[in-house]
Amino acid sequence: MKAPIIQNEKYILMPNLFEKIVKEVFDAADKDHNGFIDKEELEICIQQIIKGFSDYTPEKNIVMDEFNRLDEDKNGIIDYSEFKVFVWDAINMVYKGMEL
């Protein structure tokens, strides 16, 4: 039986690979190892991702907008399942950037 795939536009990503990526990025972003991502940790994570592609430094309001978008239950922290959205969006942005 074939493993299910996640497909978005022109590429596919095996779920087990996606989960591995999410876990690695989450663990790296969760600096205090409390199992959640706070605003400062997200800011550092975003800066590190962008640093690989550009000298751009996002303004605080952009980071806050992203944090508020991801914090679906509005409890002031991002849990693992909420963080998956961030990783999926980051993968899409990288992929689309590679097309340009």
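Which residue forms a salt bridge with Lys-84? The partner is Glu-19, and the closest N and O atoms of the pair are 2.6 Å apart. Here a salt bridge is a side-chain nitrogen of Lys or Arg within 4 Å of a carboxyl oxygen of Asp or Glu. Glu-19 sits in helix α1 (residues 15–29) and Lys-84 in helix α4 (residues 80–99), so the bridge ties together parts that are 65 residues apart in sequence.

## About the model

This is a predicted model, in which local features need pLDDT of at least 70 and side-chain atom pairs count only at pLDDT 80 or more, while totals for chains, interfaces and linings use all residues. Residues are numbered from 1 along each chain as its sequence is written, and side-chain values use heavy atoms, with hydrogens and water left out.

## The overall layout

The protein chain has four helices and two strands, and along the sequence they follow the pattern β-β-α-α-α-α. Both kinds of element are DSSP runs numbered from the N terminus: helices are H or I with at least four residues, and strands are E with at least two.

Of the 100 residues in the protein chain, 30% are buried. Buried means under 20% relative accessible area, exposed means over 50%, and partly exposed is in between, using a 1.4 Å probe and protein chains only. Take the contacts in the protein chain between residues at least 6 apart in sequence: 49% of these join residues at least 24 apart. A contact means heavy atoms within 4.5 Å.

## Salt bridges

The count comes to five salt bridges. In the pair from the opening question, Glu-19 is partly exposed at 31% relative accessibility, and Lys-84 is partly exposed too, at 26%.

An α-helix has 3.6 residues a turn, so residues three or four places apart point the same way. Lys-23 has a relative accessible area of 45% and Asp-27 has 38%; Lys-23 is partly exposed, and so is Asp-27.

Glu-66 counts as buried at 18% relative accessibility, whereas Arg-69 is partly exposed at 42%. Asp-89 joins the two in a network of salt bridges.

Helix α3 covers residues 60–70, and its buried residues are Val-63, Glu-66, Phe-67 and Leu-70. Seen down the axis of α3, they fall within an arc of 100°, so they line one face of the helix. That arc is taken from the directions from the helix axis to the C-beta atoms.

Helix α2 (residues 39–51) packs against α3 at an angle of about 115°, with the two axes 10 Å apart. This makes α2 roughly perpendicular to α3, a label for angles of 65 to 115 degrees (under 35 is roughly parallel, over 145 roughly antiparallel and the rest oblique). The axes are lines fitted to C-alpha atoms over the stretch in contact, and the angles run from 0 to 180 degrees between N-to-C directions. From the α2 side, Lys-39, Leu-42, Glu-43 and Ile-46 meet a set of α3 residues that includes Val-63, Glu-66, Phe-67 and Leu-70.

Ile-46 of helix α2 is buried, with a relative accessible area of 11%. Leaving out residues up to four places away in sequence, Ile-46 touches Pro-58, Val-63, Glu-66 and Phe-86. Ile-46 and Ala-29 are 17 residues apart in sequence, and their C-alpha atoms are 9.3 Å apart in space.

## Two loop residues with positive phi

His-33 is not a glycine, yet it has a positive phi of about 55°. His-33 lies in the loop between α1 and α2 and counts as exposed at 65% relative accessibility.

Lys-74, also a residue other than glycine, has a positive phi near 55°. Lys-74 is in the loop between α3 and α4, and it is exposed, with a relative accessible area of 56%.
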